[in-house]
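Thanks, everyone. I have one model to go through today, so let me put it on the screen.

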Amino acid sequence: MSTFKIQDCHKETIKGICNSFENNPGELISILHKIQSEFGYLPEDIQREVAKNLKISVAKVYGVVTFYSFFTMTPKGKYPISVCMGTACYVRGAEKIVDELKDQLKIKVGGVTPDGKFSLDCLRCVGACGLAPVVLIGEKVYGRLEASQVREILESYVD
Ligand code: FES
């Protein structure tokens, strides 16, 4: 269940983005991309608004959002953490890193800490296999990571 409540200003933003693609349903993926980069995620209320603007069914929007793994319906933390679970990273202990992150943050994969600071997700290969295991926190890349370093890294995100 989404707790996001859409406001008029959100509707204006969505309308503006849809307009910039001439409300063309063929541009649905690009439109959703732009909207997700604006809001961070695509809750149901936003999907409904997109459907209204493009004059397509909500089911169609939902189908696209759930099909592509880069779209998300859950909010991210201020510092989104993504652990690479590609083969190289997996073999080099990515699972231990995930377990450590879950322990430290007390959330599951896909979850967000109650203060909204961190969210935790897993990704497929991010193309830095030489640095395996790899974790991204926001734009920052941590390579050759060991579970014992996790606490210190998390503590470096002070605000
Ligand atoms: S498998 Fe993790 S970067 Fe390639």
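Lys-5 sits in the segment before H1; helices here are DSSP runs of H or I with at least four residues, strands are runs of E with at least two, and both are numbered from the N terminus. Lys-5 is exposed, since 8 other C-beta atoms lie within 10 Å. For burial, C-beta atoms are placed from the backbone, and a residue is buried with 20 or more others within 10 Å of its own, exposed with 12 or fewer, and partly exposed in between. From Lys-5 to Ile-97 it is 92 residues in sequence and 34 Å in space, C-alpha to C-alpha.

The model is predicted: local features need pLDDT of at least 70, side-chain atom pairs count only at pLDDT 80 or more, and totals for chains, interfaces and linings use all residues. Residue numbers start from 1 along each chain as its sequence is written.

Now the overall layout. The protein chain has seven helices and four strands, in the order α-α-α-α-β-α-α-β-β-β-α. Its C-alpha trace spans about 50 × 30 × 25 Å along the principal axes. The protein chain has 159 residues, of which 22% count as buried. Among contacts with a separation of 6 or more, 62% join residues 24 or more positions apart; a contact means C-beta atoms, placed from the backbone, within 7 Å.

Next, the helix pairs. H1 (residues 8-20) and H3 (residues 44-54) have axes that come within 10 Å and cross at roughly 45°. Axes are lines fitted to C-alpha atoms, for helices over the stretch in contact, with angles from 0 to 180 degrees between N-to-C directions. From H1 the contact uses Lys-11, Ile-14, Lys-15 and Cys-18, and from H3 Ile-46, Glu-49, Val-50, Asn-53 and Leu-54. These are five nonpolar, one polar and three charged. Here Ala, Val, Leu, Ile, Met, Phe, Trp, Tyr, Cys and Pro are nonpolar, Asp, Glu, Lys and Arg are charged, and the others, Gly among them, are polar.

For H2 (residues 28-39) and H4 (residues 58-67), the axes come within 11 Å and cross at roughly 70°, so H2 is roughly perpendicular to H4. Leu-28, Ile-29 and Leu-32 of H2 meet Val-61, Val-64 and Val-65 of H4. That contact has six nonpolar residues, no polar and no charged.

On to the cores. A nonpolar core is a set of buried Ala, Val, Leu, Ile, Met, Phe, Trp, Tyr and Cys residues joined through C-beta atoms within 7 Å. The largest has 16 residues, with Val-83, Ala-94, Ile-97 and Leu-101 making the most contacts inside it. E1 (79-84), H6 (94-105) and E2 (118-123) each supply at least two of its residues, and H6 gives the most, with four. Leaving out residues up to four places away in sequence, Ala-94 touches Val-83, Cys-84, Met-85, Cys-89 and Pro-133. A second, separate core of twelve residues includes Ile-31, Leu-32, Leu-42 and Val-50.

Last, the backbone. What is the peptide bond from Ala-132 to Pro-133, cis or trans? The bond is cis, with omega near -5°, and Pro-133 is in the loop between E2 and E3 (135-137). Glu-22, not a glycine, has a positive phi of about 55° and lies in the loop between H1 and H2.

Note on methods. Contact = placed C-beta atoms within 7 Å. Parallel < 35°, antiparallel > 145°, perpendicular 65-115°, else oblique.
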